[in-house]
Amino acid sequence: MRLETKTMNILITGGAGFIGAALANRLLLDGHTVRVLDDLSAGNPDRLHSDIFFTRGDVRDKPKLWRLLKRVDCVYHLAARVSVPESILYPTEYNETNVGGTVALMEAMRDAGVQRVVFASSAAIYGEQPRSPVAEDFSPHPTSPYGVSKLSAEHYVSTIGRLWGIETVILRIFNTFGPGQPLPPEHPPVIPMMLKQALGGGSIPIYGGGTQVRDFVFIDDVVDSLVAAGSAKGVSRRIINIGSGQGTSVNALAKTIARLTTRELHLLPVPSESGGVSQLVADISLAGELLGYVPRVSLADGLSLMLKHDARFAKMVRV
Ligand SMILES: NC(=O)c1ccc[n+]([C@@H]2O[C@H](COP(=O)([O-])OP(=O)(O)OC[C@H]3O[C@@H](n4cnc5c(N)ncnc54)[C@H](O)[C@@H]3O)[C@@H](O)[C@H]2O)c1
């Protein structure tokens, strides 16, 4: 079977993004041939090693996909619009890219005879849940168009995969952080935003009292899980949570950041944003069982690595 051979031909959609580029560079190091398709709406090709074949383009562009998918063994589908608050403003765009892009890719994979797809889904599909940690069989209740788009894409991946004999592995990834994490001015993710504000002496907005609990998982652990999902046996049709398995409140995160940066934090309470949920922590036992997944980097260690290796923060630490 092709997936058991040591090296594979791999296509990563969204491979110039935060997670995609880390995955692409890792797969190249592991000896695979790696192609990346990314429209650069949020990605940056400078993140990629020069031996990775980069194509700029939209994941809905079928002729481009047919060309790129020739002799590809495994596709990692990461191309997506990824902001919960932005999705509330522009649900049509989220539907077109995250759902339409997934359907177009699955069709093109069928045409090209690709064996396996690993789809990067999200914890956002769960929404508000009565219990925590959440396991894969909990009923999804997404609270944002982003979550709806990821859930809908999951259904397309599973259904088209089953109908056309494509192996599918869906990873529901929780809040990923690490060096190189984007920090867009509009709707920045909580960790790089807090690090920047703490180091710069600015005030940190704390939504809804800061009691929301999240599962922050380090980028290297997420990459390990994706790599394993590309070649593991007995995982087709499975949906698997990928997180740290640990819950951290936003207030506790702020305290850890204050300790590590040795700066005094100025917290600014603001009313809660819509689309968020109070508690979301992953049950990662299935990932351990099926992928041998064990998260290795704690929140504090991951934050220290960001402060040391992310140039944006490292230079502020020295000031
Ligand atoms: N970062 C997280 O915490 C997290 C959590 C759960 C799931 N995910 C999923 O993981 C994947 C990667 O997320 P990320 O954090 O690296 O985000 P990112 O924005 O850094 O990466 C997404 C990439 O997709 C590209 N892209 C967007 N629309 C495209 C299109 N139409 N055609 C081709 N490329 C397109 C962007 O340019 C970007 O490089 C996404 O599918 C996201 O939903 C991320």
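Student: Which handedness does the crossing of α6 and α10 have?

Tutor: A crossing is left-handed if the near helix is turned anticlockwise from the far one by less than a right angle, and right-handed if clockwise. Here α6 passes α10 in a right-handed crossing. Helices (H or I, at least four residues) and strands (E, at least two) are DSSP runs, numbered from the N terminus. This is a predicted model: local features need pLDDT of at least 70, side-chain atom pairs count only at pLDDT 80 or more, and totals for chains, interfaces and linings use all residues. Residues are numbered from 1 along each chain as its sequence is written, and side-chain values use heavy atoms, with hydrogens and water left out.

Student: At what angle do the axes of α6 and α10 cross?

Tutor: Axes are lines fitted to C-alpha atoms, for helices over the stretch in contact, and angles run from 0 to 180 degrees between N-to-C directions. For α6 (residues 190-200) and α10 (residues 299-309) the angle is roughly 60°, and the axes come within 12 Å. Angles under 35 degrees count as roughly parallel, over 145 as roughly antiparallel, 65 to 115 as roughly perpendicular and the rest as oblique. α6 and α10 are therefore oblique to each other.

Student: How do α1 and α7 pack?

Tutor: Their angle is about 60°, with the axes of α1 and α7 (residues 219-231) 10 Å apart. So α1 and α7 are oblique to each other. Their crossing is right-handed.

Student: And at what angle do α4 and α5 cross?

Tutor: The axes of α4 (residues 91-112) and α5 cross at roughly 15° and come within 9 Å. α4 and α5 are therefore roughly parallel to each other. α4 passes α5 in a right-handed crossing.

Student: Now the ligand. Which residues come nearest?

Tutor: A residue is near a molecule if one of its heavy atoms lies within 4 Å of it. Of the 28 residues around the ligand, I19, D38, L78, Y146 and K150 come nearest.

Student: Which elements give two or more residues to the shell?

Tutor: They are α1 (18-29), β5 (116-122), α5 (145-164) and β7 (175-177). The largest share, 3 residues, comes from β5.

Student: Last, the backbone. Where is the cis peptide bond?

Tutor: Most residues other than glycine have a negative phi, and most peptide bonds are trans. Here a cis bond joins S132 and P133, with omega about 5°. P133 lies in the loop between β5 and α5. R71 has a positive phi, near 60°. R71 sits in the loop between α2 (62-68) and β4 (74-77).
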